[in-house]
Amino acid sequence: MTGDGERAIERRTRIAEAITAHRRAGSQSPVLLAVAADDPPYVEYCDREIVVHVDDAERDRLATLLDDFPVFKIAQPATRKAPDGEVHVSAIADPKHAADFLDRLFLDVFDQPAEYDLRIED
């Protein structure tokens, strides 16, 4: 396995563990996932919903990613009521599938390199 593949597995495992801990604790505060950078792209995971902050190009790429993950859908009316650039995604999935989606979100939507570093805060 390549180093990048191992990093993806590590990231996805960490995300799944954070989601599992969040659910077990019944936490109402979001889990923040961000690229370790000065002005990172980030998402918020809270109670089976993902809040994504995107520009127009990223929103198009998000729509493409959602085609690959049919269990995830844009949550309406939350997205219609949200500020421009904020998309709410229904994330009713087990932690592993949510982690797969979230990692791909950073790779495909935010165009991060395969070796990107993920920061998780809860």
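Hi everyone. Let me start with two residues: Phe-72 is buried, and Phe-101 is buried too. Please keep in mind that what we are looking at is a predicted model.

How do the rings of Phe-72 and Phe-101 sit relative to each other? In general, two numbers describe a pair of aromatic rings: the distance of the centres and the angle of the planes. For Phe-72 and Phe-101, the centres are 4.3 Å apart and the planes are at 10°, so this pair is stacked. The cut-off behind that word is planes under 30 degrees apart.

Where in the chain do the two partners come from? Phe-72 is in the loop between helix 2 (56-68) and strand 4 (73-74), while Phe-101 is in helix 4, residues 95-109. They are 29 residues apart, and the pair links distant parts of the chain. Phe-69 joins in as well: ring pairs link Phe-69, Phe-72 and Phe-101 into a cluster.

Now compare another pair, Phe-106 and Phe-110. Here the ring centres are 5.5 Å apart and the planes are at 50°, so we call the pair tilted. Phe-106 and Phe-110 are both buried. In total, the chain has five aromatic pairs.

Is Gln-112 buried or exposed? Its relative accessible area is 19%, so Gln-112 is buried, as the cut-off is under 20%. You will find Gln-112 in the loop between helix 4 and strand 6 (118-121). Val-35 is 77 residues away from Gln-112 along the chain, yet their C-alpha atoms are separated by 8.4 Å.

Let's zoom out to the whole chain. It has four helices and six strands, and from the N terminus on the order is α-β-β-β-α-β-α-β-α-β. Of the 122 residues, 41% count as buried. If we take contacts between residues at least 6 apart in sequence, 66% of them join residues at least 24 apart.

What about overall size? For 122 residues, a compact globule would have a radius of gyration near 14 Å, and the chain has 14 Å, so the two agree. The C-alpha atoms fill a box of roughly 40 × 35 × 30 Å along the principal axes.

Finally, the surface and the charges. The accessible surface is about 6,800 Å², with 49% belonging to carbon and sulfur atoms. The chain carries 15 positive and 26 negative charges, and their mean positions are 6 Å apart.

Technical notes:
Residues are numbered from 1 along each chain as its sequence is written. This is a predicted model: local features need pLDDT of at least 70, side-chain atom pairs count only at pLDDT 80 or more; totals for chains, interfaces and linings use all residues. Side-chain values use heavy atoms; hydrogens and water are left out. Helices (H or I, at least four residues) and strands (E, at least two) are DSSP runs, numbered from the N terminus. The radius of gyration is taken over C-alpha atoms; the globule rule is 2.2 Å times the number of residues to the power 0.38. Buried means under 20% relative accessible area, exposed over 50%, partly exposed in between (1.4 Å probe, protein chains only). Contact means heavy atoms within 4.5 Å. Accessible areas come from the Shrake-Rupley method with a 1.4 Å probe; for residues, only the protein chains shown count as cover. Lys and Arg count as positive and Asp and Glu as negative; His and the chain ends are not counted. The place of a charge is taken as NZ of Lys, CZ of Arg, CG of Asp or CD of Glu. Rings of Phe, Tyr and Trp (its six-membered ring) pair if their centres lie within 6.5 Å; planes under 30 degrees apart count as stacked, over 60 as edge-to-face and the rest as tilted.
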